[in-house]
Amino acid sequence: MLVLVAPGQGAQTPGFLTAWLDFPGVRDALEAWSDAAGLDLIRYGTEADAEEIRDTAVAQPLLVAAGLASASMLFEDPADFPRKVGAIAGHSVGEFTAASLAGVLPHEEALRLVRTRGLAMAEAAAVTETGMAALLGGDPDVTVPHLTKLGLTPANINGAGQIVAAGTREQLAALEADKPEGVRKVVALKVAGAFHTHHMAPAVDTLAKAAEALTPGDPKVTYVSNSDGQAVAAGTEVLDRLVGQVANPVRWDLCMETFKELGVTALIEVCPGGTLTGLAKRALPGVKTLALKSPADLDAARELIAEHSA
């Protein structure tokens, strides 16, 4: 059983879309999505430097566009997607990629909505100086209560022992000085704010208003939500979760538990792949994994699809 996953913010690197533009239809698609998002995705994906694409309002639509474009290269016939993919999920903004690939939102609508999300989250992040930090090592049963004691939120519980804390700069400094037992190191992440916490509440309101105009379809493949790792069958509920997830923790650990229950045998992470594949290698032993980092990975990905498709 094949699972397709889409990465979240932080996976982007300068020039990562350049090689994909050589494929028929990719440039046209990116131009259409650029119009929808009001953002030159081709320039940002090929010419912009690391600081430019770190901007939340840019990074989010850029990642969704990359995921959609690379996934379109995996199947010669688009009708093969629901026949060969057993389940789909995305980490944080990657959920928009997953929802659009599953048929919940047309690609252009997904890009417009995620652009609104990025702008709203950037605005919310500017209110208070906040950030995020990854904790290396430790036991979640010990780490999570410690973070709560310091006023921090376990914003990403990623499985394989990885937790990302989020909160104010003062709270993160306190964490650095007072690490949970077993945590070897606290690594500050290059993000603009405390995503997936109460600091993002204003962005939820903005996104909810934008979502009111949309009519989502039901997912055509099993859609696993990173709110709680549950499979969601109704498009309206998927959209509600996309909105609320902005201010709530990502439970990627529970998504991987659901993959196990579904009987996953292979996992492909769409471009820019790597982060979720690394987690799967540790948390899903025996499952074949592939990160779609560049077009050079397409042949191997297609072989994996042929071997493990539903």
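**Around strand 9: a walk through the predicted model**

Let me start with strand 9, which is covered on both faces, since Ala266 and Ile268 on one side and Leu267 and Glu269 on the other are all buried, where buried means under 20% relative accessible area, exposed means over 50%, and partly exposed lies in between (1.4 Å probe, protein chains only). In a regular strand, the side chains alternate between the two faces of the sheet. When I speak of strands and helices, I mean DSSP runs numbered from the N terminus, with helices being H or I runs of at least four residues and strands being E runs of at least two.

Before going further, please keep in mind that this is a predicted model, in which local features need pLDDT of at least 70 and side-chain atom pairs count only at pLDDT 80 or more, while totals for chains, interfaces and linings use all residues. Residues are numbered from 1 along each chain as its sequence is written, and side-chain values use heavy atoms, with hydrogens and water left out.

Two strands are taken to pair if DSSP finds at least two bridges between them. Strand 9, residues 266-269, runs parallel to strand 10 and is joined to strand 10 by 4 bridges, with Ala266 opposite Lys288 and Ile268 opposite Leu290. Strand 1 also runs parallel to strand 9, again through 4 bridges, and there Leu2 stands opposite Ala266.

Let me turn to the loops. Between strand 9 and helix 13 (275-283) lies Pro272, and a cis peptide bond with omega of about -5° joins Cys271 to Pro272. Both of these residues are in contact with Pro7, whose contacts beyond four places in sequence also include His91, Glu269 and Leu276. Pro7 itself sits in the loop between strand 1 and helix 1 (26-37) and is buried, because its relative accessible area is 4%. From Pro7 to Ala98 the C-alpha atoms are 9.6 Å apart, although 91 residues separate the two in sequence.

Ser92, in the loop between strand 2 and helix 6 (94-101), has a positive phi of about 60° although it is not a glycine, and Ser92 counts as buried because its relative accessibility is 11%. His196, in the loop between strand 6 and helix 10 (201-211), likewise is not a glycine and has a positive phi, near 60°; His196 is buried, with a relative accessible area of 2%.

The C-alpha atoms of Lys190 and Ala133 are separated by 8.8 Å, with the two residues 57 residues apart along the chain.

Two helices complete the picture. In helix 8, residues 140-149, we find Thr143, which counts as buried because its relative accessibility is 1%. Leaving out residues up to four places away in sequence, Thr143 touches Leu135, Gly138, Ile163, Pro180 and Val183. In helix 11, residues 235-244, the buried residues are Gly235, Val238, Leu239, Arg241, Leu242 and Val243, and their cover includes helix 6, helix 7 (107-125), helix 10, strand 7 and strand 8.

Conventions
Contact = heavy atoms within 4.5 Å.
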